[in-house]
Amino acid sequence: MDRIDRKLFDSICSFEEDEAAREYYYESMYSKTGKLKKDGNEEILKEKILRIYAALFCDDMDLPLGALAGFDEVDATADRLYIGSVGLDPEHWYRMHHHFPVIDEDNFERFAALVITDLKAGELHELLVNEGKTLVIGEADPLSMTSEQRKNQETRSVKVAVKGGDD
């Protein structure tokens, strides 16, 4: 069973205030995916999510193909993610939209899981299907950028397949 689903997304959104959500999150993240790694051990969901995150959002960070995103990579990319468009509106700045004030060693995996589950089964997936809105990768923290930097930034949208696919 693929645990990158709506229930995992909801557990991440309720993580801070709900003990059952935390338990489900940890149970899911340490569940086996059925895929063998090069070392012969079975991959866990946390590794799969960090691998997908690295492939989608860390392509400019010189990670080897198939590498997992770590704290540094998630921290460096978290403030570049927007919903639908790039701008100062906190409802479109992904991390602020989800009330995720800090990325640190204790929660970077949860943030990566939030992004990936949202793309596959959460509200962002529903926006993609119903309204055509996507997750946009922009430059770092728009609040620290000049208007000229915001105007000239390069962006790209990330879409996930609505049907099929392992990741």
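Which residues in helix 3 are buried? Before answering, note that this is a predicted model, in which local features need pLDDT of at least 70 and side-chain atom pairs count only at pLDDT 80 or more, while totals for chains, interfaces and linings use all residues. Residues are numbered from 1 along each chain as its sequence is written, and side-chain values use heavy atoms, with hydrogens and water left out.

In helix 3, the buried residues (under 20% relative accessible area, with a 1.4 Å probe and protein chains only) are Leu45, Lys46, Glu47, Lys48, Ile49, Leu50, Arg51, Ile52, Tyr53, Ala54 and Phe57. Helix 3 is thus mostly covered, with 11 of its 13 residues buried. Its expected span, 1.5 Å times one less than its number of residues, is 18 Å, which agrees with the 18 Å between its end C-alpha atoms.

In their contact (heavy atoms within 4.5 Å), Lys7, Leu8, Ser11 and Ile12 of helix 1 meet Ala21, Tyr24, Tyr25 and Ser28 of helix 2.

Another pair is formed by helix 6 (residues 108–121) and helix 7 (residues 123–131), which pack at an angle of about 35° with their axes 5 Å apart. Here Asp118, Leu119, Lys120 and Ala121 in helix 6 meet Glu123, Leu124 and His125 in helix 7.

Conventions: Axes fitted to C-alpha atoms, helices over the stretch in contact; angles between N-to-C directions. Helix = DSSP H or I, 4+ residues; strand = E, 2+ residues; numbered from the N terminus. Buried < 20%, exposed > 50% of the residue type's maximum accessible area, 1.4 Å probe, protein only.
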